[in-house]
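This briefing goes through one protein model for a reader who has not seen it before. It begins with a term, then moves from the overall fold to single residues.

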Amino acid sequence: YVFGCSSNLWDIPIHLSDRSGTGLGSDNDIIQRQTIVADHVNIPFFPYGCHLLSMITRINILKTIDRIFGPLILKFFPRSSGSVLPCASLKKILVIRPGGLGDAILLLPTLKKIAVTKHVKVDILCEPRNKAAFENTNFIGRIYSYQNIWSLSCALFEKYDAVIDTEQSHRLSAVIARLARSHSKAGFDTNKRGKMYTLSLPYLR
């Protein structure tokens, strides 16, 4: 059985073994496929495997930097003193969405409603691993990347009516939101990030 996992980052076919030899698999094989036991996963092409490991390494490095240096960086910023614009005044916004593909997909209906019903231009600042979720839409404007210095710089220099940080825990996204060119910034009041926004919201689990 071959499942194609496709995105802009990699195209890795994952082969799951069929121990029954029938081509259909036993109930036990089905359970094992659902749990995706490690010894059933075969990445046949070494370059793709290296790319996947490289991506995982970058993610872990960013998380470590965020955990160690994030609290220290936040201390350098005073509480935000900007304003909150009414929705009717919003013409162009930047939405920050780091993280995986699943969170990005879940965010799409909300972004579509904002863009279509409110006639707001929505730009995205995301990661390479979830970029594909935003590329195949007709309601997203520009797509910026965290891990590309030039792309990130363009996002920070562009002027927006509002910046919305949808990340709920990592501190670096709050720093980026604070540095963006906008007087109105919204995000979750978690991990002492609330002071970075003009509108801080509780995160309901």
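Helices, here runs of at least four residues, and strands, runs of at least two, are taken from DSSP and numbered from the N terminus. In this sense Leu72 lies in helix H2, which covers residues 46-75. The model is predicted.

**Overall make-up**

- Read from the N terminus, the elements follow the order β-β-α-α-β-α-β-α-β-α-β-α-β-β.
- The protein has 205 residues, and 38% of them are buried.
- Of the contacts with a separation of 6 or more, 53% are between residues 24 or more positions apart.

- Strand E4 (residues 121-126) pairs with E5 in the parallel sense over 4 bridges.
- Cys126 has Ser145 in E5 as its bridge partner.

**Helices across the sheet**

- H6 spans residues 172-179 and is mostly covered, with 6 of its 8 residues buried.
- The buried residues of H6 are Ser173, Ala174, Val175, Ile176, Ala177 and Arg178.

**Salt bridges**

- The structure holds 8 salt bridges.
- Lys92, Arg142 and Glu158 are linked in a network of salt bridges.
- In the bridge between Lys92 and Glu158, the closest N and O atoms are 2.7 Å apart. Lys92 lies in strand E3 and Glu158 in the loop between H5 and E6, so this pair ties together parts that are 66 residues apart in sequence.
- Glu158 also forms a salt bridge with Arg142, where the closest N and O atoms are 3.2 Å apart. This pair links distant parts of the chain, 16 residues apart, with Glu158 in the loop between H5 and E6 and Arg142 in strand E5.
- Lys92 counts as buried because its relative accessibility is 19%, and the cut-off for buried is under 20%.
- Glu158 is partly exposed, with a relative accessible area of 22%, and Arg142 is partly exposed at 41% relative accessibility.
- Another of the salt bridges joins Lys131 and Glu135, with the closest N and O atoms 3.8 Å apart. Lys131 is partly exposed, with a relative accessible area of 29%, and Glu135 is partly exposed, with 32%.

**Nonpolar surface**

- Ile61, Leu62, Ile65, Ile68, Phe69 and Leu72 form a nonpolar patch on the surface.
- Together these residues have about 520 Å² of accessible area.
- An α-helix has 3.6 residues a turn, so residues three or four places apart point the same way.
- Leu72, in helix H2, counts as partly exposed because its relative accessibility is 45%.

Key: Residues numbered from 1 in each chain as written. Predicted model: local features only at pLDDT ≥ 70, side-chain atom pairs only at ≥ 80, totals over all residues. Heavy atoms only, no water. Buried < 20%, exposed > 50% of the residue type's maximum accessible area, 1.4 Å probe, protein only. Patch = residues over 30% accessible without salt bridge, like charges linked within 9 Å, V, L, I, M, F, W, Y side chains within 5 Å. Areas by Shrake-Rupley, 256 points an atom, 1.4 Å probe, with all protein chains shown as cover. Salt bridge = Lys/Arg side-chain N within 4 Å of Asp/Glu carboxyl O. Pairing = 2+ DSSP bridges. Contact = heavy atoms within 4.5 Å.
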